[in-house]
Amino acid sequence: MPKPVFVGLDIGSSRTKVAVVDAAKRLLGHAVRKSGTDFSLTAEACLDESLRMAGVGRGEIAHAVSTGYGRTNVAFVTGECKTEIGCLAKACSHYFPEAITVIDIGGQDNKVIKLDEGGRRSSFKMNRKCAAGTGAFLEEMSLRLDIPIEEMDALARQSREMVKLGSYCTVFSATEVLENIRHGKKVPDIVKGLFYSVIKRVLEMESPTERIVMTGGVVAHNPYIVRMAEEMTGRPVMLPEYPQLAGAIGAAFYALEVKTNG
Amino acid sequence: MAEEKKIVRKKIQAADRMNKIMADYFYELNDAAVTGKRKVAWCTSVGPAELLRAMGFVVHFPENHSAMLGATRMSTDLIPTANAIGYSPDICSYLTADIGAYIKGITPLAKAYPGIQSVPKPDVLVYNTNQCRDVQDWLAWYSKELGVPSIGVTSPKNINEVTDAHIDDVARQIEALVPTLEEISGSKLDMDRLRETVSLSRECTELWKQVLETAKAAPAPLTFFDGTIHMGPAVVLRGTREAIDYYKLLLSELTQRIRDGVGAVDGETVRIYWEGMPVWGRLRQHSELFANLKATVLASTYCSSWIFPAFDGRDPIRSMAKAYLELFIVRSDRYKEKYIGEMLEKFRIDGIIYHDAKTCPYNSNSRYGLPQRVEAETGVPSLVISGDLNDLRCVSDEQTKTNVEAFIEQITEGE
């Protein structure tokens with residue numbers, strides 16, 4: 001007899017993520033795609049892909065919850081929305097049941113969420129309107145440097161003498177990068193400087209007070225940022241198994257809770 | 001995409017009466033300016049309006065006009081005009097919207113009140129820098145443009161306790177305005193009339209306080225968003241009988257709501273305090289955002305800033321000075337923290353939202369660690385949202401929505 005599954009859809013500004021879990025909160029299937037311009041279409045494709053991976057059909061979906069910027073655009077699938085802050089907190093407190101500071105670096109925004117040992121949020125901060133310190137900042141810089149974004153991590157690791165960027169404005173940072181290129185600075189040193197800048201912007205939002213958990217696409221694809229964050233904060237940084245899926249998994253956990261608790 | 005069911009706050013019936021007295025006020029101003037029958041003074045919002053009214057001036061408030069530009073969402077298109085003549089997008093967007101509107105010959109009054117073509121031309125401009133320095137710069141531009149004098153009070157700032165020395169200083173400055181105002185108005189200051197005007201302002205302010213304090217009830221019968229509209233008479237008609245009569249009517253309706261157990265928002269579960277300026281161009285959206293989360297924004301520093309317990313007709317000038325100095329915006333952070341703490345307790349608040357208005361540092365109390373200190377002292381969680389009072393280029397609706405939804409989630413899930 002088919003078992004019910006619970007689905008979380010995280011419609012981010014950059015990527016759409018879907019997670020399928022069972023009643024024991026085990027991740028059965030997942031998918032990540034570019035959100036593009038048709039959130040519903042992308043969500044449908046991700047949903048089908050993750051259900052296939054889980055080996056179940058739509059009929060087995062007991063409940064679904066959406067989150068992320070496009071959360072209301074896929075309400076036809078779910079009928080219920082939660083904020084990404086709530087979903088990240090839900091997932092991270094499950095994997096790390098202790099007092100933690102969650103740092104999420106997403107495509108469009110950053111979040112710093114403080115949780116107590118019971119998983120309750122005591123505070124959260126989102127970056128202000130500017131894109132500094134977000135995935136969008138790195139995407140913009142990869143274009144300026146003409147480097148594929150997936151190669152940035154390996155380049156940063158080659159750095160011998162990091163270039164520090166002073167500005168927190170993306171446009172000014174781009175000018176600074178060009179200036180450093182003119183002065184003959186090496187690309188790996190500039191890329192490491194960009195990573196440093198991303199972490200610095202996040203740490204300016206809020207001081208971590210507990211053990212740190214990092215999530216989001218930027219850390220999923222650039223593990224070197226995690227190592228740099230450990231060095232900069234002097235604290236160990238923990239990652240869930242799928243950092244980019246944390247929001248979607250949290251949404252799936254909400255779906256399970258709603259079904260269980262009514 | 002699913003249709004989101006929109007819950008709206010309940011309409012206040014007295015609003016029709018308010019609209020009538022506000023219309024009368026604007027037509028009276030227009031008539032004075034067009035016919036020249038009475039002198040027109042422009043006055044900053046907590047400037048010496050009582051003195052001006054007692055001396056026979058009809059009084060226009062540029063901040064009120066600019067709030068109208070914001071609420072009608074005209075301001076964002078007008079601000080760049082002022083930017084282009086050297087008034088930075090980083091300074092007060094009341095100032096830049098209003099000057100931009102003047103340069104372009106636009107006013108929301110023309111649309112709202114048929115027959116009015118423009119803001120009333122002033123005979124004198126009067127400021128009090130208790131709000132900020134920008135109000136003085138604002139009137140200085142009009143002074144040069146229109147060739148009318150700009151006079152006023154330069155207020156002490158960052159005051160912890162208001163002392164006699166502070167009051168002496170401001171009272172002397174108010175007295176020093178009198179000869180110029182007498183010359184422009186063509187008549188001597190009648191102290192009896194000033195006493196009466198100050199007494200009327202006191203009565204208005206007492207009633208306005210009672211109106212706002214009806215929100216102590218649960219469910220609250222009015223919201224911050226109602227308050228920003230219904231404070232109109234307290235801002236532009238204080239010192240008049242019309243404002244007093246209006247607030248008696250409004251108070252009676254809200255008291256009835258309390259008796260009937262009727263809240264401004266159905267199913268109120270979370271009670272929020274708003275610190276800072278409203279986002280004028282987003283009043284309706286913000287009202288709906290909170291109402292849909294069953295949260296009532298029911299008290300604020302902003303609406304409470306038009307409560308002046310110091311007004312005393314027996315000692316009009318010194319009591320005006322004291323009232324203008326006791327204003328929240330004039331005070332030290334130590335005073336502000338105590339004040340906010342008391343408000344959170346009085347209104348049984350679950351969470352406080354600070355609006356960090358890009359162009360209004362004086363009304364943005366989230367920049368020097370105050371939210372963290374208040375939260376540590378009271379245990380009431382806080383959220384800072386970025387935005388602006390009038391410049392919608394500084395507003396991110398999606399960020400505001402996510403922040404507010406997550407904050408209400410945090411409060412409800414933590415219960």
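Guide: What follows begins with the sheet and then turns to loops of the chain. This is a predicted model, in which local features need pLDDT of at least 70 and side-chain atom pairs count only at pLDDT 80 or more, while totals for chains, interfaces and linings use all residues. Residues are numbered from 1 along each chain as its sequence is written, and chains are lettered from A, with ligands numbered from 1, in the order in which they are written.

The open sheet in chain B has 4 strands in the order 2-1-3-4, with parallel pairing; strands here are DSSP runs of E of at least two residues, and helices are runs of H or I of at least four, both numbered from the N terminus, and two strands pair if DSSP finds at least two bridges between them. Its edges are strand 2 (58–60) and strand 4 (150–153) of chain B, each of which pairs on one side only. From one strand to the next the twist averages 30°, where axes are lines fitted to C-alpha atoms (for helices over the stretch in contact) and angles run from 0 to 180 degrees between N-to-C directions.

Strand 1 (residues 40–43) and strand 3 (residues 124–128) of chain B are joined in the parallel sense over 3 bridges, and Trp42(B) stands opposite Leu125(B) of strand 3 of chain B. Across strand 1, strand 3 and strand 4 of chain B lies helix 7 (residues 134–146), which runs at about 170° to strand 3 of chain B; contact is taken as C-beta atoms, placed from the backbone, within 7 Å.

Asn158(B) counts as exposed because it has 10 C-beta neighbours inside 10 Å, the limits being 12 or fewer other C-beta atoms within 10 Å for exposed, 20 or more for buried, and partly exposed in between, with C-beta atoms placed from the backbone.

A positive phi, of about 50°, is also found at Arg348(B), again not a glycine, in the loop between helix 16 (333–346) and strand 7 (351–357) of chain B. With 14 C-beta neighbours inside 10 Å, Arg348(B) is therefore partly exposed.

Lastly, a cis peptide bond, with omega of about 0°, joins Ala218(B) to Pro219(B), and Pro219(B) is placed in the loop between helix 9 (191–213) and helix 10 (224–230) of chain B.

Methods: Contact = placed C-beta atoms within 7 Å.
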